[in-house]
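Good morning, and thank you for making time for this presentation.

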Amino acid sequence: MTQVLSVIFLPFLGTVLGAACVFFLKGQMHLGLQRALTGFAAGVMVAASIWSLIIPAMEQSEQLGKLAFLPALIGVWIGFLFLLVLDHVVPHLHLNSECPEGSVCNLGKSSMMVLAVALHNLPEGMAVGVVAAGWLRGDASISAAAALALSLGIAIQNLPEGAIISMPLKSNGMRRGKAFGYGVLSGVIEPIGAGLTIALASLVVPILPYVLGFAAGAMLYVVVEELVPEMSEGEHSHIGTIFFAVGFTLMMVLDVALG
């Protein structure tokens, strides 16, 4: 039970620690640091999608022979399309968009930004829950270490995400405690999504390869749609690209070494 709770709540802890940066950093987050953190997060998510989700999905479909890729392929496309529809349903708000201090739109923008990030975090929570459900079922292709590696990777990714939410809110005039609360709130959906997925394991496990693919597709969509443009915006710099490689290789090592 302790291991399961660790896997479920570790990503949320990453968000909390990231949001807590609002108490220690003064002023706006430096653009170079923001690029580095965003690139690192993107690398972690891409590696986690491949080694912790897509590869296990194909391993669990080996009975299909040369079509073992099919469930993962279908799942990835469903995940992509789910996030695409979500982006049209939820107003698309960038973290650096302007909103006058103290204005009515500040609260609305903040609330919608947290909602958008929380909804985008749902697939990450589901990914953790799916892998944990497979491990609890005794699936040979998913170990406790693999589940922990994915959870730890997402927690690392959530560190800059929590900071990138809370820091701009403080810079716009919001109190530190309130900005921290918004950052924490954006991550609450992850343990909820993981817990619900585990609770519904009897429904999830029979279609596990598809669900693993779905989680991977949703995470990859977030990387391409949100993280890569953010790490590349403004004056040309290689810092985001370099830290993408750092995040990717770190998550690769964690998943293979612990799995």
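Predicted model: local features only at pLDDT ≥ 70, side-chain atom pairs only at ≥ 80, totals over all residues.

Residues are numbered from 1 along each chain as its sequence is written, and side-chain values use heavy atoms, with hydrogens and water left out.

To return to the pair, helix α1 covers residues 2-19 and helix α6 residues 176-185, and they pack at about 160° with axes 8 Å apart. Axes here are lines fitted to C-alpha atoms, for helices over the stretch in contact, and angles run from 0 to 180 degrees between N-to-C directions. The two helices α1 and α6 are therefore roughly antiparallel; that term applies to angles over 145 degrees, with under 35 roughly parallel, 65 to 115 roughly perpendicular, and the rest oblique. On the α1 side, the contact is made by Phe-12, Thr-15, Val-16 and Ala-19, and on the α6 side by Phe-180, Gly-183 and Val-184. Contact means heavy atoms within 4.5 Å. By class, this contact of α1 with α6 has 5 nonpolar, 2 polar and no charged residues. In this scheme Ala, Val, Leu, Ile, Met, Phe, Trp, Tyr, Cys and Pro are nonpolar, Asp, Glu, Lys and Arg are charged, and the others, Gly among them, are polar.

Of its 259 residues, 52% count as buried, that is, under 20% relative accessible area, with exposed over 50% and partly exposed in between, using a 1.4 Å probe and protein chains only. Among contacts between residues at least 6 apart in sequence, 85% join residues at least 24 apart.

Which residues have the most contacts inside the largest nonpolar core? They are Leu-53, Leu-150, Leu-212 and Met-219, in a core of 46 residues. A nonpolar core is a set of buried Ala, Val, Leu, Ile, Met, Phe, Trp, Tyr and Cys residues joined through side-chain atoms within 4.5 Å. The elements giving two or more residues to this core include α2 (31-59), α3 (70-89) and α9 (208-232). Helix α9 gives the most, with 12 residues. Leaving aside neighbours within four places in sequence, Met-219 is in contact with Met-45, Ala-48, Ser-49, Leu-53, Glu-124, Ala-127 and Ile-154. Apart from this core lies another, of 7 residues, among them Val-22, Met-174, Ala-179 and Tyr-182.

I turn next to the partners of α9. Helices α2 and α9 pack at about 160°, with axes 9 Å apart, and are therefore roughly antiparallel. Their crossing is left-handed. By class, the contact of α2 with α9 has 19 nonpolar, 5 polar and 2 charged residues. The axes of α3 and α9, for their part, come within 6 Å and cross at roughly 45°, so α3 and α9 are oblique to each other. Helix α3 passes α9 in a right-handed crossing.

Ala-57 lies in helix α2 and is buried, with a relative accessible area of 0%. Ala-57 and Pro-209 are 152 residues apart in sequence and 4.2 Å apart in space, C-alpha to C-alpha.

Beyond residues up to four places away in sequence, Gly-43 touches Phe-244, Gly-247 and Phe-248.

Is Arg-175 buried or exposed? Arg-175, found in the loop between α5 and α6, is exposed, with a relative accessible area of 61%. Arg-175 and Val-22 are 153 residues apart in sequence, yet 9.6 Å apart in space, C-alpha to C-alpha.

Key. Helix = DSSP H or I, 4+ residues; strand = E, 2+ residues; numbered from the N terminus. Left-handed = near helix turned anticlockwise from the far one by under 90°.
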